[in-house]
Amino acid sequence: MLRTVPRVEFPPPNDLSPTDLAVLGVLVRAQGRVVSRATILRLGQLRHLAERRCDSCIVAIRRALGADAVITVRGRGWRLDDARIDGANLLLDRQRPTAD
């Protein structure tokens, strides 16, 4: 019996909120370095949010880029997997205004 494999669309569909995209932008700019919740909120200009809001953004980013796209470093924060940077940049590029 043949098994069907779900088709993975690349670039991934963009269903990330502006807050999710701000967190993703911080992870991309960190270039593989670990980033804490407080640093994400500061660099993403999201200081008005609770620190735990980062957790739900990470979940949304993992849904968009894959479960292993964001690596948790226990007690320190998160980092974006190097292999997912291109996909992350595609998502971010979709949100940049185009010059007409």
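1. Contact here means heavy atoms within 4.5 Å. On that basis Asp 55 touches Arg 37 and Trp 78, not counting residues up to four places away in sequence. Asp 55 lies in helix H3, residues 53-65. Helices (H or I, at least four residues) and strands (E, at least two) are DSSP runs, numbered from the N terminus. At 19% relative accessibility, Asp 55 counts as buried. The cut-offs: buried is under 20% relative accessible area, exposed over 50%, partly exposed in between (1.4 Å probe, protein chains only).

2. A word on the basis. This is a predicted model, in which local features need pLDDT of at least 70 and side-chain atom pairs count only at pLDDT 80 or more, while totals for chains, interfaces and linings use all residues. Residues are numbered from 1 along each chain as its sequence is written, and side-chain values use heavy atoms, with hydrogens and water left out.

3. The core. A nonpolar core is a set of buried Ala, Val, Leu, Ile, Met, Phe, Trp, Tyr and Cys residues joined through side-chain atoms within 4.5 Å. The largest one has 27 residues; Val 23, Leu 24, Leu 27 and Leu 65 touch the most other members. Two or more residues each come from helix H1 (18-29), helix H2 (37-43), H3, strand S2 (77-80) and helix H4 (85-95). Val 23 touches Ile 40, Leu 46, Cys 57, Ile 58 and Ile 61, not counting residues up to four places away in sequence.

4. H1 against H3. They pack at an angle of about 80°, with their axes 9 Å apart. H1 is therefore roughly perpendicular to H3. Axes are lines fitted to C-alpha atoms, for helices over the stretch in contact, and angles run from 0 to 180 degrees between N-to-C directions. Angles under 35 degrees count as roughly parallel, over 145 as roughly antiparallel, 65 to 115 as roughly perpendicular and the rest as oblique.

5. H1 against H4. Here the angle is about 130° and the axes are 10 Å apart, so the two helices are oblique to each other. Leu 21, Leu 24, Gly 25 and Val 28 in H1 meet Ala 88, Asn 89, Leu 91, Leu 92 and Gln 95 in H4.

6. Val 28. This H1 residue is buried, with a relative accessible area of 13%. Leaving aside neighbours within four places in sequence, Val 28 is in contact with Leu 80, Ala 88, Asn 89 and Leu 92. Val 28 and Asp 86 are 58 residues apart in sequence and 9.3 Å apart in space, C-alpha to C-alpha.
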